[in-house]
Amino acid sequence: MEKGLYKKLFLSTFQLSACTFGGGFVIIPLMRRKFVRELHWISEQEMMDITAIAQSSPGAIAVNASVMTGYQIAGFPGAMIAVLGTVLPPLLIISVISFFYRQFRDSLIVSLVMRGMLAGVAAVVCDVVINMLRSICSQKRIFPILMFVLAFAAVRFFGVNIILIILVCGLFGALDRKIQDKEAKA
Amino acid sequence: MILLELFWSFFQIGLFSIGGGYAALPLIQQQAVDLHGWLTMTQFTDIMTIAEMTPGPIAINSATFVGIQTAGLPGAVIATLGCIFPSCVIVLCLSYIYRKYKNLSVLQGILGGLRPAVTAMIASAAVTMVIMAFYGQRTLPADPGAIDPVAVVIFAAGLLVLQLKNVDPIKVMACAGAAGALIYMVI
């Protein structure tokens, strides 16, 4: 049974990674579909937490998300297997392409496919953002919405260091929770 | 020796890039082009193009490419290992803490605070990607009329089916690629 789980975890992450075009966080909606909706290995709430931690930690988001998902599903071996599955497709593909990358880059058909795909990837990422915003708004509280607006302005328009934003938002989140707990007790 | 250097360089890239692939680009340039001369500036630009055209994280793609160019397949494996090593250690620790304390009020508070921040980061990346898809460059051009109507249609159709029909994102990306190739070929 365990062996079957590892194999399935490896094949799943391998397949998802091979389809992750246009930046690491594209793997997040793919993982949600596979591990939350299809296999029911992790809950929707856990997936949201994994997204937050993967994006806030150093390194490639797809790798971070795989480590954490693998760990949630099957502990330390699960994490290692998930990372292997995530890293192998780009490693293999780039190793092969590096021998004729100029031809690949200049190929008309590849560049046309990429132009169309870029629009598709943009739609996938916008879909992720809409769903995350929906979940933030569903709390019906002004605080998280305000934090989103401020964080967005800080990232987009003022180029504030991401680490600073993560630290400040994490701190505010903890304080906000503390105040809520106090109010609930009172 | 070169393997050790590759490992150490990409270890630093993995450790200091927070917030996704584009945060890693200046670090990769600094290590591979400026510091070690493993790549020329042209090769570096080439990799960025290739990394965008192939699946997988940009940092892993460039680690593999730089590794292959400097030390063959062992170089690619070592550079990739260096790149993922810091995230593996850090995220494993965080996973352990998360599993042990996820019901703790303060941890839920921190995660609740991170969620809007992370959404903001992804939203900002989404804006850049939409501009890239519509205009073929990262920033809005002076003339907003230079928009690519085919990309707009593919984008709108993709977002619509994702939101309404909840289809597999992989299928959306594949169809967008196929549709793009067909339409651009004809016009």
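In this predicted model, B:Thr80 touches residues of both chains: leaving aside its neighbours within four places in sequence, B:Thr80 is in contact with A:Val87 and A:Leu91, and also with B:Ile60, B:Ala63 and B:Thr64. The residue belongs to helix α4 of chain B, which covers residues 58-101. With a relative accessible area of 2%, B:Thr80 is buried, because the limit for that term is under 20%.

Helix α4 of chain B also takes part in an aromatic pair. B:Phe85 of this helix is paired with B:Phe11 of helix α1 (residues 2-16) of chain B, so the pair ties together parts that are 74 residues apart in sequence. The ring centres of B:Phe11 and B:Phe85 lie 6.0 Å apart and their planes meet at 40°, so the pair is tilted. B:Phe11 is buried at 18% relative accessible area, whereas B:Phe85 is partly exposed at 43%.

Over all chains, the structure holds 10 aromatic pairs. One of them is stacked, because the rings of A:Phe148 and A:Phe152 have their centres 6.0 Å apart and their planes at 25°. Both residues lie in helix α7 (residues 142-156) of chain A, four residues apart, which is about one turn of the helix.

Helix packing may be followed in chain B. Helix α6 (residues 149-165) and helix α7 (residues 169-186) of chain B pack at an angle of about 155°, their axes being 10 Å apart. The two helices are therefore roughly antiparallel. The residues that form this contact include B:Ile154 of α6(B) and B:Ala176 of α7(B); by type, they divide into 11 nonpolar, two polar and no charged.

Terms used
Residues are numbered from 1 along each chain as its sequence is written. Chains are lettered from A and ligands numbered from 1 in the order in which they are written. This is a predicted model: local features need pLDDT of at least 70, side-chain atom pairs count only at pLDDT 80 or more; totals for chains, interfaces and linings use all residues. Side-chain values use heavy atoms; hydrogens and water are left out. Axes are lines fitted to C-alpha atoms, for helices over the stretch in contact, and angles run from 0 to 180 degrees between N-to-C directions. Angles under 35 degrees count as roughly parallel, over 145 as roughly antiparallel, 65 to 115 as roughly perpendicular and the rest as oblique. Contact means heavy atoms within 4.5 Å. Ala, Val, Leu, Ile, Met, Phe, Trp, Tyr, Cys and Pro count as nonpolar, Asp, Glu, Lys and Arg as charged, and the others, Gly among them, as polar. Buried means under 20% relative accessible area, exposed over 50%, partly exposed in between (1.4 Å probe, protein chains only). Rings of Phe, Tyr and Trp (its six-membered ring) pair if their centres lie within 6.5 Å; planes under 30 degrees apart count as stacked, over 60 as edge-to-face and the rest as tilted.
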